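Q: Hi! I have a model open and would like to talk it through with you. Could we start with how the chains meet?

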Amino acid sequence: MTQKLIIIGAGMATGRALEQLIEADPNAYDVTLFNAEPRGNYNRIMLSPVLSGEKTYEEIVTHSAEWYEENGVTCRFGERVASVDRARKVVIAENGDELPYDKLMFGTGSNPFIIPMPGHDLEGVIAYRDLEDTELMMSMNETNKVVVIGGGLLGLEAAAGMAARGVDVTVVHIMGHLMERQLDEAAGYLLRKALVDKGITVRCQANSKQILGENGKVRALQLDDGTELPCDLLVMAVGIRPNVKLAQDIGLAVGKGIHVDDQMLTSDADILAVGECVEHDGAIFGLVAPLYDQAKVAAKTLLDKPATFVQREISTKLKVTGCDLFSAGDFAEGEDREDIVFRDPARGVYRRLVLQSNKVIGAVMYGDTADSNWFFGLIKEATDVSDMRDTLIFGPAYQGGTPMDPLAAVAALPDDAEICGCNGISKGQIIAAINGGADTLDAVKATSKAGSSCGSCVGLVTQVLGVTLGDEFKMPEKETICKCSDLSHDDVRKLIIAKELKSIPHVMQDLDWKSPGGCHVCRPALNYYLVCAWPGEEVDDGKSRFINERVHANIQKDGTYSVVPRMLGGITTPKELRAIADVADKFKVPTVKVTGGQRIDLLGVKKEDLPAIWYDLGEAGMMSGQAYAKGLRTVKTCVGSDHCRFGTQDSTGLGIKIESEMWGAWSPHKFKLAVSGCPRNCAESTCKDLGIICVDSGYQILVGGAAGLDLLEAELLVTVATEEEAIEVSSAFYQLYREGAQYLHRPYKWIAKVGLDWVKEQVADDLENRAALAERFRYSQKFYQVDPWAERARKGVDSHEFTPLADFTKVAAE
Amino acid sequence: MTDFIDIGSVTDIPVQGARIVRTAHGDIAVFHTASGHFYAVDEYLEGKAGPLSNGIQHGEKVTDPMRNWVFDLATGEAQGADEGCVGTYEMKVEGGRLLLSSAAIAGRVAAE
C-alpha cells in the first residue's frame, strides 16, 4: 500500500534522497515536494560557475519539471509550509491546505549568516545563497564596485566570479589569511597572490564596522580603522546557520541543527531530516559529500532497510578557474605530528602533508592538485606510509623513484640573474665558463671571476656547477641558514635580490623552505635581509623580530624593560637630565644607570608604562637610543679640541654628526662607534666596530674591533683628511657590512670571512663604489630614520603589544 | 559544560601575535598563530621560561625569549631536550569573538 511522504525543501540532499528512493522502489511512496524557492532542485554548488559565466542556470538544473512529472512527484514550488500537526500527522501549507503524511522529511537547508552590523538591511546588501543572489551579482559590470565580506570558500568564489565579469571587487576578511579553515598560511599566500593577479583587492585582518547607505541603498563599507570601501553591492559570505525554525516550532529536538540519529530520524520517528539543517553527533554540514551520504541513508530508512550514516573525512576544492587548491583532513601542527613540505617555486606549487603515527592525516595543496584524490585516499583509508615516506610528497607516479633535486631554486634562475655582485657576473656567464671547461670552483673563479672577490656568492656558484654538470660534480658540505632550508645565509640574501622576493612567505615559497612557517632562527634573519634589500617597501614584519626590537626596549630577566634615550655623541643637557629624572620619579623606576655607551639607562620599567615614559621623554626632545637594536647603537666621543689640551680635532662634534647621519639603521648585528680626539684614545676607538682617531692631519678610520666575547683590535681601513670624508667612509663601510654580512655576525666576523683587503678595495680605493655605497645608505636612511618611540607613544602604533587583552584581576578581587 | 568568557575580538591579536590576559593568579598568554588558531597558555613556567607572549611564533609553537625553549602551544609541552610544561586553557572563537574558558580564570582562584 502506497504511503504518503512529504518533503519540505527541494535541495541537493532531498533531491538525492528522492532519486535513491524512486530508484529503489518507485511505488513505495506518494511524494509531495514543497519548496520556498519558486523552482525545483538545482546544483547549488555550481552557482559559482554560473556567476563567472562558465555555465548557465539550465546546465545546473538537476531535476527538470519533466523528471518530477514522470516520477509522480507533486511539486508545490514557491510555497512555504506554515506548520505541522504531529499528533494528527498533517502538514499545513501557507494557503491553509492540510496534507496528511505517513513520513515527513525536513530538508530546510540553511540560512546565510548576516552580520547584524549597522546598515545590514540596506538595499544592495545580499548573501550568496540562491539563484536570485547570483543574478544580482551577474548584473554587475565594469562600472561597478562590489565588496565581499568573507574570505572563505563561498566569498572567494563570489569575488572571482564577479571579477571575471570585470567588476572591481574587494574581499574583506577578518582573519590573517584567506580560507584559514582549509589552508595554512603558505597556501593562503599563494591563493591571495593568484586572486590579486585577477584584479581582486584582498584585505585580510580587516574588521567591518558598519555599512553606509544613501537613500536606503548601500554606498560603502566602513572598516573599524575608518577606511571606507565604496560599493554598489555588498555580499556577505561569512557562514551559514542551519534553518531549524519550523522544526523548533513543532517541538522537534533541536541544537545547532535538527538532531538526527544514525538513521537520519529526528526525535519523532516519523520525521526524517537531511542536509544542511541537521545536526548529527554534534556536527553540522556544509559540503556536499556528507549530504549525499545522508540522502542515501534516509532513502533506505524510508524503505525500512538498515543503513547507518557515518561522518567521514571531507575535502575541499575551490571552484575558481586558475586557482587550483585542495585541502583535506587536519593540518594543524602538533607535537606528535610531522610535516612534509614540497615547493616548486617556478610552477607556483605548494604541497604539505601532515603525518601522525606514519599515517597521513591532513593535506594542503596549491597549484597542482592532480594527485589530490590519491592523497585523500591515503587519509580516508589511514594507510601506513612508512615505506613510501621519502617520495610520498611527489605523488603516486614517483613511488619507488628518487627524491627531487635540492638545487631547484638555482636551476630556476634565469640566465641573466646576477650571481656575483662584485664582478657583475650572471648565471649565464658562469654556465658559459663551465661549458668552456671550467669544472671546478677554482677554475670558474679564474675564468669568469665569479666568486673571486668577497666570496659571498661561492655557495651559488657551486650550485650552478652542480646544476650544469650534474652527477659529475660533487657538492661540498655547507652551513645552512637553519634546519628549515638547504641554503646558506649568503645564498638566501642573493636569491632575495635576484628573484625580487619581498615577504617572508614569498621567500619561503620561492626558496623551497622545508618547514611551513620557518623557526625562531630563520625568521629574524629573513626579516633583516628583506629590510636591508628593499628600503622604502613595506617588508618589515614585526612578528619575525625578537621581542626587544618589537617593543623597542630591552627585556630584563624579570620581564620588565629598560629604556635608554639617545644622547648624540654622549652630549646631554640639563633639560634632558631633568626630564629623565622626572620620568624616573613618576614611573618609580628602580634603577638609573650610566651605560658604557655614554648615555643613561632606566631599568625595571613595566611594559605597559613604556609608551607613557616615551611620551614624556619625547616632550623633552629625546628619542629612542635603540639600545635594543641589531642596528646602530652609539657613537662614543671624548671632549676633543673644544676642551682638551691634547685634542687635535672636534671629536665630539664629529661624533654627533656621524650619529645624526646613522641613527635608526638596522644591521646584521649591533654596530658601535667611537671618535677619539687624539691617539690617547679616550673614547676607546680601537675596540669598536668602527672607530675614528683624530690626528693633526685628519682622521684614521679603524674597523673590526671587538671587546665582548672576543677581544680584537680594530685595524686601519683608511686615513682621510676631512670630516665629510670621514662621514662618507663610515656610511659606506656600514652599508657594505649591512649588505654583505650574515645575520648576527658582528663586523669583525664578516671581515674575517671576506678579508680586510677586499673591504679596503671597496671603501678606500674605489671612490666611485664608496660614493655609491654611501648613497645607498642615505637612501635607506630616508625610511628607517623614524623614531619608533614617537610612533608608539603618539600615534598608537602596535598598541596591542603594550596592553593586556583583558584584565580579570579586579573582577576576582571583588 | 564549560563556561566561556568573552576576552576580545579576533582582530585584537594580530596574526603571529600574542597578548596577555591578567588573572588574580598570574598572566595567561593568548596566541594567534599563522594558521588562524588561538591558544591560551600560562605566560610563565615558574623559574624556567617566560614571558612567553614575548616570544617568536613559528607554526603552532613559540620560542621563549629568555632561554630559547620551544613550547607546543596546543599541549604546553617543552620541545626537544628541555623538560617542562606550561598550563593550557580551553578557548574558542565564535562570531569573531575570542572566548576563554571561565575555568582559566575562576579555576585558578578555586585552586588557591
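This is a predicted model: local features need pLDDT of at least 70, side-chain atom pairs count only at pLDDT 80 or more; totals for chains, interfaces and linings use all residues.

Q: Nice. And which residue stands opposite Asp807(A) there?
A: That would be Arg22(B), which belongs to β2(B).

Q: Zooming out, how many residues does the contact take from chain A and chain B?
A: Chain B gives 38 residues and chain A gives 34 residues.

Q: Which elements give two or more residues to the side of chain B that touches chain A?
A: On chain B they are β1 (4-9), β2 (17-23), β5 (56-58) and α1 (102-111). The element that gives the most is β2(B), with 6 residues.

Q: How does that side of chain B look by class?
A: The side of chain B that touches chain A has 16 nonpolar residues, 16 polar ones and 6 charged ones.

Q: Staying with chain B, where does Pro51(B) lie?
A: Look in the loop between β4 (38-42) and β5 of chain B. The peptide bond leading from Gly50(B) into Pro51(B) is cis, with omega near 0°.

Q: OK, over to chain A. In what order do the strands of the open sheet with β4, β5 and β6 come?
A: The order is β4-β5-β6 (chain A), 3 strands with antiparallel pairing. In chain A, β4 (81-85) and β6 (98-100) are at the edges with a single partner strand each, so one side of each has no neighbour in the sheet. Neighbouring strands of this sheet are turned by 25° against each other on average, ignoring direction.

Q: How many bridges join β4(A) to β5 of chain A?
A: There are 4 bridges between β4(A) and β5 (residues 90-93) of chain A. Val84(A) stands opposite Val91(A) in β5(A).

Q: Last topic, the backbone. What is phi for Met179(A)?
A: It is positive, about 45°, although Met179(A) is not a glycine. Met179(A) sits in the loop between β11 (168-172) and α7 (185-197) of chain A.

Q: Is Met179(A) buried or exposed?
A: Buried, because Met179(A) has 24 C-beta neighbours inside 10 Å and the cut-off for buried is 20 or more.

Q: And what about phi of Asn681(A)?
A: Phi of Asn681(A) is near 65°, again a positive value in a residue other than glycine. Asn681(A) is in the loop between β33 (671-676) and β34 (690-695) of chain A. With 16 other C-beta atoms within 10 Å, Asn681(A) counts as partly exposed.

Methods
Residues are numbered from 1 along each chain as its sequence is written. Chains are lettered from A and ligands numbered from 1 in the order in which they are written. Two residues are in contact if their C-beta atoms, placed from the backbone, lie within 7 Å. Ala, Val, Leu, Ile, Met, Phe, Trp, Tyr, Cys and Pro count as nonpolar, Asp, Glu, Lys and Arg as charged, and the others, Gly among them, as polar. Two strands pair if DSSP finds at least two bridges between them. Axes are lines fitted to C-alpha atoms, for helices over the stretch in contact, and angles run from 0 to 180 degrees between N-to-C directions. A residue is buried if 20 or more other C-beta atoms lie within 10 Å of its own, exposed if 12 or fewer, and partly exposed in between; C-beta atoms are placed from the backbone.
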